[in-house]
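The following exercises ask the reader to examine how parts of a protein chain pack against one another. Each task is followed by a worked solution.

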Amino acid sequence: MRRPVVGVVQAVLLVKNRDGRPIKIEGNTESPLNRGAVCATGQATVLGLYDDERLKSPLWQGQSVTWEKIDQEVVKTLSDIKAQNGNIVILTSALPSPAAKALLKEWIQQYPTTEVVTYDAISSSALIEANRQSFGVEGVPHYHLEKAHVVVGINCDFLGTWISPMEFAWAYGERRNLRNDQNKVFLKHVQFETALSLTGSNADHRIPITPADESAIVLDLLKSVSKLASQSIDITVPHHGVARDEIESLARDLWKNRGHSLVISGSQELETQMAVNAINSLLGNIGETIDLDNISFQKEGQEKTLAALIQKMKSGGVQALILHGVNPAYTFSSEEFSKALKTVKLSISLSERLDETSSQTTAVCPDHYFLESWDLLEPVSSLLHVRQPVIRPLRDSRQAFESLLKWMGRSETYYEYLRTYAKNQYFGRQTSHLTFDGFWDRCVHDGVFQFSQTPSKSFAFNASLSTLSETVLQKQKRLTSQSLQLVCYEKISVRDGSVANNPWLQELPDPISKVSWDNYACLSPALAKSLFCEEGDVVKISTDQSSVVVPVHIQPGQALQTIGLALGYGRRQCGKVGEKVGVNAYPFLSSGNHASFFNAVTVEKTGDHVELACTQLHHSMDKAEGREERGILKEATLASFIKDPGNKKKEENVTLWEEKDYEGHHWGMVVDLTNCIGCSACVVSCQAENNVPVVGKDEVRRQREMHWIRIDRYFSGDENNPETSFQPMMCQHCGNAPCETVCPVLATVHSSDGLNQQVYNRCVGTRYCANNCPYKVRRFNWFDYAHNDRFDYNMNSDLGTMVLNPDIVVRSRGVMEKCSMCVQRIQEAKLAAKREGVPLKDGDIKLACEQSCPSQAIVFGNMNDPQSRVAQLQKDKRSYHVLEELNVKPVVSYLTKIRDQRD
């Protein structure tokens, strides 16, 4: 029995509606891209629907007008430009919609002087170009991580932000799932990277590198693999900082697993991507773990095309510019683009809000929010997703491509266009013998339709490598390893900055730094010491292109002689939440190739100091601190686990507590630390489900964040290259709960099915329970966070409160709160089973955190059912309880983290 959801399928998402309001996003289990999981950013998109900053109507020269007026002005101006043979440009982000691409082709037929330019703020242009030169395929491959036994990542955060992180995270969890009896090979993961990323923190072996050494290291690996393949390549490997035996050992691992290995890079250096392609070709990975026949359409943009467009605009060669899904005045070159825009006669933004770019255009024609829109999406070849609206438009907006239809003089709606396109392009490819209406209804109902894909085959590597080493040598001469190098990266929360006005994402702690509400200069402990910098010291970072003033964060794992700075911050115009938060790092990215690093960076202390909003103050979990003895976070190598898989069970303690017998259900949870990647999807999912308030930067600094579940991140070993572990920590629902014995008003009590309940209307706010909780998972409402101008976020807005879950009360000042194990979902499933006259089965209840987890790390169920997954896993030899010696008998068990660190 599936947990009942009142809502509709939205392509890869399932949206829960209450009273016509979308309030929660889940993953669509029918989609092979996410298999029911949703990342933190995806979870938070439901809040974006209720953003007060969305435009209420179209604008013409800054004034609110009707759609009739704006259509009249746009059509008249476009007709004049066409009559004068003027140039029209449509500047768009990557379009995974085949119907939208077809419509643009029809637009060009009507306006023949139109050029379509595709631009992604954070692109994969070097990867696309390398594939064109290497294999004759201009696109991003579809990577099959689930087929790999060994994966090597090179400055590629594939579990966090790169291309399709939910798809990769599911495959990663599946390949490292020791609970799966059919999983014969445990995935080995090696990561070369500069800034410590979510992906690197999960690697079995992580090697910090400088950007200047990146291409040389890949060339060295290529040469080692070619020797093993008896196809020795005559290249000179420039000097780099990685030991030769490490490269050779990795090459042997890859060669042993040829056809079942994968080398991937997020580099924007063409030479690196070409060498990576050569390695994968030698290993026989093309056609196996790398599919070039069914490519991904999630990244398509090229920065050089935008750079050329700006030059064309400057010279007066563009008369009309239509912008869709892009904000180049923020992400590319603000002054240069703004100056060029002034030369364009007609500029139209299809943005749903005023931003750095749309505020400068002639017209703003607000697009529907994606939850209000119809579309056909093909993120991967032959995998069709149907997006349907889940609510009527909240504003006087219009879908972007429907605006194009209007300006082409067409009377059909975009929905009608989509049906016609699907009938012509997809209906004939389905094999189920449905009528078109039946086919369409099935696509809309399921949200996804998988067609037969082209069988993946091998492609010959046709590029020349003769000039690679010389090119790398020349670059190394310019990029001296002695100089400081700046690396710009993407955070898992605000990503490229387009969602910067979302308070859920701003308050989400970064899983690596544990800092929210800011970006900062990441310095390794060694570099910080040499620069006499401490945490929170404000420094000025300068290159010959730009400079910023930013606080320092001392980040273990940051490569020596490098500085990390997150993109997506420093917005000047996006809304009250995201504006003036952090600094804008985009100006550091060169207009030519958008490379993510710069050499010859200078750092100068300003003498100022700020306190970062950090949610975790203790970061080390070394053995010297009793890490194993106290049973907080347990780890083992794969070799030692195979040799001795058991944890030493503690003897039963003598107790003064009365033993409880739970008849019927006794709920419990298991968290597999091997599978937990720290992505924080569970944190935002819980926040959306349980009406957890946003408290702001100042309150977070005071350690007053309200998240019901936190992801503790611990370092061990060498502080300049530590091992990293994640541990989700929520209320443990202890059988001998220490919070219950100290509450003077019985506000925290035990339920008949083993849950520790918080009775809000009894709580008088003594906070004794929080003081007595050994896990520190209780949250106190210091203020009324709803309808309070001091906390001017979604709960202080009539529109923003539409996202609240009516099954959960909004807590008031002076009340303690904590994880309830989504008791509303438990009751919902019980009632559904009762109505249907069937027993409640294992898996019928999915908690918010469990449902969103892409790596299947969380399992919830009935411990009284010996056949349930949770009961079976609690008998696993890796199972243990945190702080077991306290004898508080938590119902949450953890499974020891395993790393493949065999020599």
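**Exercise 1.** Determine how much area is buried between domain 3 and domain 4, and which residues of domain 3 supply 30% of the area that domain 3 buries.

*Solution.* Domain 3 and domain 4 bury about 2,300 Å² between them, and carbon and sulfur atoms give 59% of this area. Buried area is the accessible area (1.4 Å probe) that two parts lose on being put together, summed over both. On the side of domain 3, Trp504, Glu507 and Trp517 supply 30% of the area buried against domain 4, more than any other three residues.

The model is predicted: local features need pLDDT of at least 70, side-chain atom pairs count only at pLDDT 80 or more, and totals for chains, interfaces and linings use all residues. Residues are numbered from 1 along each chain as its sequence is written, and side-chain values use heavy atoms, leaving out hydrogens and water.

**Exercise 2.** Locate domain 3 and domain 4 in the chain and state what separates their centres.

*Solution.* The assignment places domain 3 at 482-614 and domain 4 at 623-899; such bounds come from an automatic or database domain assignment. Taken over C-alpha atoms, the centres of these two domains are separated by 32 Å. Their contact (heavy atoms within 4.5 Å) takes 27 residues from domain 3 and 29 residues from domain 4.

**Exercise 3.** Is helix 7 roughly parallel or oblique to helix 9?

*Solution.* Helices (H or I, at least four residues) are DSSP runs, numbered from the N terminus. Helix 7 covers residues 211-228 and helix 9 covers residues 270-282; they pack at an angle of about 20 degrees, with their axes 9 Å apart. Helix 7 is therefore roughly parallel to helix 9. Axes are lines fitted to C-alpha atoms, for helices over the stretch in contact, and angles run from 0 to 180 degrees between N-to-C directions. Angles under 35 degrees count as roughly parallel, over 145 as roughly antiparallel, 65 to 115 as roughly perpendicular and the rest as oblique.

**Exercise 4.** Describe how helix 7 is oriented to helix 8, and name residues in their contact.

*Solution.* The axes of helix 7 and helix 8 (residues 244-256) come within 9 Å and cross at roughly 50 degrees. This makes helix 7 oblique to helix 8. The residues in contact include Ile217 and Leu221 of helix 7, and Ile247 and Trp255 of helix 8.

Definitions and conventions: Helix = DSSP H or I, 4+ residues; strand = E, 2+ residues; numbered from the N terminus.
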